[in-house]
Structure formats: C-alpha cells, structure tokens
Amino acid sequence: MNGWLKRGGLRYRLLLSHLLTIAAGALTLLTITIIFAPGLHDQLMIAWLGPHWTETADASMVEMERATNAIFTLAMIQALTISSGAAVTVAIIVSLVASRQIVQPIDHLLQVTRRIAAGHYAERAPLIGDRELTRLAAQFNMMAEALERAEQRRVALIGDVAHELRTPLATIAGYVEGILDGVVETDEATWALVLDEVNRLRRLTDDLQQLSRVESRQITLAPTPVDPAHLIEAAVTRLTPQFTAKNIELHVNIEQHLPPVWADSDRILQVLINLLGNALQYTPGGGRVVIGAEHASEAIRFWVQDSGIGIAAEHLPHLFERFYRVDKSRTRATGGAGIGLTICKGLVEMHGGQIWATSAGPGCGATFYFTLPLYGQHE
Ligand code: ADP
C-alpha cells in the first residue's frame, strides 16, 4: 500500500483523501440511518394511525409495521450506497483532473531543474497550471536567469583575466627571447622595462584579489564617524606631487561644516585616490581637476571633476563593470585593467552608498560622484 502510494505520488494521495472523506461521510450517514430510521418510521405510523395505534393493532398490523420499517431502512441504505458509488466515481475523475493540473507543471519544472543542473542554463520552465504554480515557475525562471548571468560572467571573467595576463607575459617573453638571441641588449633600460611589466602583473593580481574579496563581500569594514574634509585632504596630499608633475591644477571645494559620515576611512580614501588618480590619468597637462563634497539629503556626496578627455554617453553605464575600458589599447599602454572603478563601486556599496559618473561627452571632461550615509543615518 505504502509503495503503491509512493509510486503513484500525488495522484493517489489525492484520490485516497477523497475516498476517505466519502467513506467517513457514508459511515456517518449509515450509522445515523440505522439509529434514527426506526424512530422516524414510528413517528410516521403515529402520524397516520394516532398515538395509541399499538394498543388497538392486531398481529397483521404489527407485522406490516415491521415490514415497512425494514423497507424504509433498506431504501435509505440503498440510496446511500448508490450516492456513495456516484461520489466515488466523481472523486476518481476529480482527483485525476486535479492531479493532472498540479502534477504536469511540477513534472515540467523537475525536468527543467535537471537540465539546468546539467549545465543547460538557458532552459526555462513553461508558465502553466494554477496561479500558485505559474508564480513558482516564474520565480524559478528568474532564478535560472540569475544563474545564467552568473555563468556568463564567470566565463567572461576567465577570458578577461587570461587576456590581461597575456599582454605583459608576451612582452616579458619578447624581451627575454631577444636577450637570449642577442638582439636585445642586457642593459639597465631593458631590465627596467621587464620590471615594468612584472609590476603590471603584480598590480593586476593584487587588483584581482581585491576585486574578488569586494565582490564576495569578504572585506570587513571598520566604520567610524569620519569628517569628509579629512578624507579629501588626505587624498589630495597623497596625489599633489603627481598633479604638479603633470602640470594639472588641483582644487578642493568642500561645503562648510559638513556632518561626519559613517565610513571605513582607509577604504574610502582608496576610493578617492582611485577617482583622483583616474582624473589625473585622463586629463592632459594644463588641465584642471576639482575634488569636493556637499550635503545631499541624508548623505554626503563626494565628487571629482576633471577637464579631461571625457566619456561618450554609451560608455557611462558600463564604466563600473569589471575590465571595462573605454579605449582598450590606450589604457592598456598606461597600465589600467579596468578594475579600479569596479572595486570603488563594491566598496561604496558596502558602505550603503552609490557611485556614478557623468560627462558631457568626449573632450568635455567627466565628473565622478559617490555618496556615503551620514553618521547616525546608516543602517
Ligand atoms: P583603469 O584602471 O583602466 O583606469 P578603471 O576601472 O579605473 O580602470 O576605469 C575604467 C575606465 O573608465 C577607464 O579605462 C577609462 O576608459 C574610463 N575612465 C575612468 N575615469 C575616467 C575619467 N576621469 N575620464 C575619462 N575616462 C575615465
């Protein structure tokens, strides 16, 4: 019985539950009939022949009373049997139809789950069945979509990392082969170039490690109330020599009496240095960069504005994606792998803030913004 139930699953359970309900109903009715039918019959006789009919009744009347009583009970039992039979037939049909409506979509969902588990991430469950099942299938499809996107990102990441490693490795291999063949001199300049490429590899692996830690939220923040002006001043102090060397004006524009933000100052300093470093990198000599902070509802908005090469509108939404570079060849020559802004985004979002960029287009400079919650307003 148990094995039969398990094999049949929902269909048989549904049928069994219907049959049990019918059996309980029929049994109750039968008991009530047996208990109450004679009484009812007696009442009928009294109604016909008066309350004292038994005193005046002869043997044949009593016999007739017994016979009608038996027929009355039999009729009730027959009616009960026929209606129970009809109910059982209806129960079988209803359980078959209902279980079909439930089992079929679940079967589909199961098949799709198996296909996805086998690596076919593009599979989707059909939206069939009752409202709850359609909602379940829709939710399942959303999950499948997220899995598919994650898988695509994973594959793209492996490709990007391999691509980024290939360039410096090919350059190092070129120098070393040239040295071995005697066509490249083994002087200080050559070793300096090789060291440049090695450092680029080291930076890349450091960035990748940090990226993975930021993206998996493995970094533990140590937030404290921090004065926004202190953060900006620290970043400016760090980069002023490079701005002077490249002949770019660096201005600071901080709104007065800003309340403290709730931040891990080392991490936010890293974000500011990254944005300021980018402004330095993408602004030609003679240009101008302004860094500032202002009050913005329940947050402080930091910004870095430059008069540099600017960014075309179509690139703006992608700047914070991993390995995204507007001009791939040029930035590779200057060392960026397109990870810095992704790390910034992760760090800012870990603080509960947002980061974005604006630009009026190529040649018109760019402004990068990010917000941090005020001390006391953070979650
Ligand atoms: P990278 O290390 O290549 O600079 P980022 O993640 O910091 O990587 O930046 C991604 C891309 O965004 C850069 O390659 C560059 O194309 C663009 N970008 C970043 N900052 C600026 C800026 N201030 N002006 C113009 N383009 C910028």
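Here is a tour in a few stops.

Before you start clicking, keep in mind that this is a predicted model.

**Stop 1: two annotated spans.** Select residues 12–37 and then 70–98; UniProt, in an unreviewed entry, marks both with the feature "transmembrane region". In the model, residues 12–37 are 100% helix and 0% strand, with end C-alpha atoms 36 Å apart. For residues 70–98 the span is again 100% helix and 0% strand, and the end C-alpha atoms lie 41 Å apart.

**Stop 2: a nonpolar patch.** Now show the side chains of Ile32, Ile35, Phe36 and Leu40, which make a nonpolar surface patch of about 390 Å². Click on isoleucine 32, which belongs to helix α2 (residues 10–49). Is isoleucine 32 buried, partly exposed or exposed? Its relative accessible area is 40%, so isoleucine 32 counts as partly exposed, a class that lies between the under 20% of buried residues and the over 50% of exposed ones.

**Stop 3: strand β7.** Move on to residues 366–373, which form strand β7; 7 of its 8 residues are buried. Which strands pair with β7? One is β5 (residues 299–306), which runs antiparallel to β7 and is joined to it by 8 bridges. Within this pairing, look for glutamine 305, whose bridge partner in β7 is threonine 367. Another is β6 (residues 355–359), also antiparallel to β7, with 5 bridges. There, tryptophan 356 stands opposite tyrosine 369 of β7.

**Stop 4: the hairpin.** Finish with the 6 residues between β6 and β7, and pick out glycine 361 in this hairpin: its phi is positive, near 125°.

Notes. Residues numbered from 1 in each chain as written. Predicted model: local features only at pLDDT ≥ 70, side-chain atom pairs only at ≥ 80, totals over all residues. Heavy atoms only, no water. Buried < 20%, exposed > 50% of the residue type's maximum accessible area, 1.4 Å probe, protein only. Helix = DSSP H or I, 4+ residues; strand = E, 2+ residues; numbered from the N terminus. Pairing = 2+ DSSP bridges. UniProt positions renumbered as here; feature names shortened; annotations may be inferred. Patch = residues over 30% accessible without salt bridge, like charges linked within 9 Å, V, L, I, M, F, W, Y side chains within 5 Å. Areas by Shrake-Rupley, 256 points an atom, 1.4 Å probe, with all protein chains shown as cover. Salt bridge = Lys/Arg side-chain N within 4 Å of Asp/Glu carboxyl O.
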